[in-house]
Amino acid sequence: ARAPDNPAIPVAHANLLAVHDRFTQAADIATEARRRFPNDPSLALLEASYAASGGDDERAEALFAALDSETSERWLQEARHALRLIDVSRAHALLDRAEEETPWSVSGWALRGLAWRLSDDPRAEWLYRPDETIRPLPLGGADDLIERAVAVLRDLHKSSPLPLGQSLRGGTQTRGRLFDRTEPALAELRQAVEGAVERYRQGLPEADPEHPLLRHRDAGFALAGSWSVRLTGGGDFHIAHIHPEGVISSALYLVVPDDAHGPDTSGWLELGRPPPDIRLDLPPIATIQPEPGRLALFPSYLFHGTTPFDRAERITVAFDGVPRDKGPSN
């Protein structure tokens with residue numbers, strides 16, 4: 001209200017609503033913003049994207065057809081919409097256009113993989129290689145490392161919020177970059193993680209310059225971004241999402257309920273199931289059971305989330321890996 005001439009405010013409002021699955025409201029915010037800022041072309045794309053996510057396909061089709069912008073983001077959003085309609089050939093054509101501008105977009109590869117799966121294209125196996133690129137590894141490090149790290153993390157979570165605008169539905173998430181902190185236990189945890197990431201790299205197939213992950217195989221991976229999540233029951237979970245700034249992503253389990261080892265899969269990590277707004281009935285490619293000291297590593301272009309979690313405390317740490325030749329860690 002204090003800055004009515006700032007279009008960034010309704011954009012932020014719409015984005016925040018959308019991240020919490022209120023897509024129709026987000027689209028309506030974008031509609032009103034277009035009325036107030038008719039010369040901002042990004043608002044039409046915003047409305048089209050959120051109308052599509054909210055299931056208003058007719059509205060979305062009309063909006064996409066009227067767009068003047070020819071950007072990678074436009075092609076990606078329209079390709080996502082085409083996948084909802086099971087229009088695979090249209091999705092591929094749009095992704096081809098996006099790839100011309102941003103050939104290594106994590107978001108683009110995530111959608112390309114879904115399109116290949118829908119048409120049983122063998123290139124899906126080339127992209128995912130689940131037996132080789134999805135790996136649960138033991139953390140390593142001192143025998144008491146997890147105990148000491150958990151003590152520090154519990155203290156941090158006392159002042160950590162539910163992160164608005166993230167994939168988490170319930171629970172708390174630490175602020176800032178966890179592995180930039182100076183507590184000895186967290187520095188030691190980082191060293192153990194770096195060792196596990198290197199073991200993951202060494203276990204990957206040989207480098208492939210055409211592959212979005214394996215093209216970086218020989219460069220190695222540096223840690224970029226890091227945080228901790230604490231879930232305490234009540235149906236907490238992560239909605240399926242990707243990490244568009246990473247090359248590899250992760251879930252490190254530190255505290256897991258004692259009863260998480262039975263047939264119930266509550267709180268398990270699902271890899272490859274699309275988020276609900278894409279409306280595709282594709283099962284996960286792989287699932288990983290949480291175990292204390294288990295580090296799950298996988299390509300960042302792979303949609304991932306957890307099944308709802310309604311038991312006792314669970315604490316995890318997550319981070320993304322980027323090519324080491326892109327710059328120093330973090």
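A cavity here is a set of points, on a 1 Å grid over the protein atoms alone, where a 1.4 Å probe fits but cannot get out, and its lining residues have an atom within 4 Å of a point. Keep in mind that this is a predicted model, where local features need pLDDT of at least 70 and side-chain atom pairs count only at pLDDT 80 or more, while totals for chains, interfaces and linings use all residues. Residues are numbered from 1 along each chain as its sequence is written, and side-chain values use heavy atoms, with hydrogens and water left out.

**The cavity**

There's one cavity of 30 Å³ or more. The largest cavity has a volume of about 90 Å³, a volume being the space filled by probe spheres set on the points, which are joined across faces, edges and corners. Its lining is made up of Leu-76, Leu-95, Ala-98, Glu-99, Thr-102, Pro-103, Trp-104, Ser-105, Gly-108, Trp-109 and Arg-112. By class, the lining has six nonpolar, three polar and two charged residues, with Gly counted as polar.

**Strands and pairings**

Two strands pair if DSSP finds at least two bridges between them.

| Strand | Partner | Bridges |
|---|---|---|
| β4 (221-231) | β11 | ten bridges |
| β6 (248-255) | β11 | five bridges |
| β7 (269-271) | β8 | three bridges |

Elsewhere, three strands form an open antiparallel sheet in the order β8-β7-β10. Strands β8 (286-288) and β10 (304-306) sit at the edges with a single partner each, so one side of each has no neighbour in the sheet. The twist averages 25° from one strand to the next. In this sheet, Glu-270 stands opposite Thr-287 in β8.

**A glycine in a loop**

Gly-293 lies in the loop between β8 and β9 (294-299). Gly-293 is buried, at 12% relative accessible area. Leaving out residues up to four places away in sequence, Gly-293 touches Leu-137, Pro-138, Leu-139, Ile-146, Leu-252 and Tyr-253, where contact means heavy atoms within 4.5 Å. Leu-139 is 154 residues from Gly-293 in sequence, yet their C-alpha atoms are 5.3 Å apart.

Terms used
1 Å grid on protein atoms, 1.4 Å probe; cavity = no way out; pocket = protein on both sides within 12 Å on 5 of 7 lines; lining within 4 Å. Helix = DSSP H or I, 4+ residues; strand = E, 2+ residues; numbered from the N terminus. Axes fitted to C-alpha atoms, helices over the stretch in contact; angles between N-to-C directions. Buried < 20%, exposed > 50% of the residue type's maximum accessible area, 1.4 Å probe, protein only.
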